[in-house]
Amino acid sequence: LYFEVAEANFYKQDVAVTVNGEEHKIRNWKQEKGTDIWKGTLTLREDGDYKVKIAYQDRSGNDMKAQTVGDKQTTGKTWISPTLVVDTKKPMIKVWYDNTTPISSRDGNDYYDRERTATIQITDKNFRANEVEALVTALMADGAPASVPDYRAQLKQSGSWKKNGDTYTAKITYDVDANYTFTISYADMAKNAAKPYAQDKFTIDTAAPVNLRASYSDSVLETV
């Protein structure tokens, strides 16, 4: 944070600064050459949520008029910050399935004879569901789109996630026969991106084949 005070008789020790209610001192005040302007900085180093307040009264008892850069109006004798979030940690994504034993595998694709439920877990202090980007494709054997829920929209709804500390968990169920791919990405508001998630690829096929028929040509019947 950068602070600037315009005061002819400035005493840095009289500046009152609190961070989350605890007193702090700004010790690096420097006067701008040829002016009554003094500048100082406050660095918030640790990840967390911060509320900063600063006030100053000169030795004649005059209170400062607080103002944020860009604002036309003063905000009283104490400057109060909005909640400031320091977030340097990358989110973490984990995905696991309840049905992990395929009936068969072919050409890098696993086949399952019953539905699968994916549990998706994202760990982030300042999680926002609308920042989740999931890409799910569901295609029939002929390449036509399968009729499945909108998983992407589902995962963008905050109500789909359960919170436990900084960990958020959601579930999606693949219960329609189709060829599926799934991938997911997430970046927090500080633009910290989770490690890329490798695409899942699998097939749900719960229906047994039907209408299997055999026929013979006339020449075969005549031979018999």
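**Entry 1. Ground rules**

I am working with a predicted model, where local features need pLDDT of at least 70, side-chain atom pairs count only at pLDDT 80 or more, and totals for chains, interfaces and linings use all residues. Residues are numbered from 1 along each chain as its sequence is written, and side-chain values use heavy atoms, with hydrogens and water left out.

**Entry 2. Salt bridges**

I searched the whole structure for salt bridges and got eight. The criterion is a side-chain nitrogen of Lys or Arg within 4 Å of a carboxyl oxygen of Asp or Glu.

I looked up Glu32 and found a salt bridge to Lys39, with 2.9 Å between the closest N and O atoms. For exposure I use relative accessible area: buried is under 20%, exposed is over 50%, and partly exposed is in between (1.4 Å probe, protein chains only). Glu32 is partly exposed at 33%, and Lys39 is partly exposed at 37%.

I then turned to Glu133. Its side chain meets that of Arg152 in a salt bridge, 3.1 Å from N to O. This pair links distant parts of the chain, since Glu133 is in strand 14 (residues 132-139) and Arg152 is in helix 1 (residues 151-155), 19 residues apart. Helices (H or I, at least four residues) and strands (E, at least two) are DSSP runs, numbered from the N terminus. I noted a relative accessible area of 34% for Glu133, partly exposed, and 41% for Arg152, also partly exposed.

Glu133 also forms a salt bridge with Lys156, at 2.9 Å from N to O. Here Glu133 in strand 14 is linked to a distant part of the chain, with Lys156 lying 23 residues apart from it in the loop between helix 1 and strand 15 (162-164).

I also checked for shared partners: Glu4, Glu32 and Lys39 are joined into one network by salt bridges.

**Entry 3. Positive phi**

Most residues other than glycine have a negative phi. I list two non-glycine residues with a positive value.

Asn20 has phi near 50 degrees. I placed Asn20 in the loop between strand 2 (15-19) and strand 3 (22-24), and it is partly exposed at 44% relative accessibility.

Asp107 has phi near 55 degrees. I found Asp107 in the loop between strand 11 (104-106) and strand 12 (109-112), where it counts as exposed at 75%.

**Entry 4. Pockets**

I took a pocket as an open set of points on a 1 Å grid over the protein atoms alone, where a 1.4 Å probe fits, with protein on both sides within 12 Å along at least five of seven lines; lining residues have an atom within 4 Å of a point. Volume is the space filled by probe spheres set on the points, which are joined across faces, edges and corners.

The largest pocket holds about 430 Å³. Of its 13 lining residues, Tyr2, Phe3, Glu4, Val5 and Gln67 are the closest to the centre. Strand 1 (residues 2-6) gives the largest share of this lining, five residues. By class I have nine nonpolar, two polar and two charged residues. Ala, Val, Leu, Ile, Met, Phe, Trp, Tyr, Cys and Pro count as nonpolar, Asp, Glu, Lys and Arg as charged, and the others, Gly among them, as polar.

The second largest pocket has a volume of about 160 Å³. Its lining includes Asp47, Asp87, Lys89, Lys90 and Pro91. I have seven charged residues in this lining, with one nonpolar and one polar.
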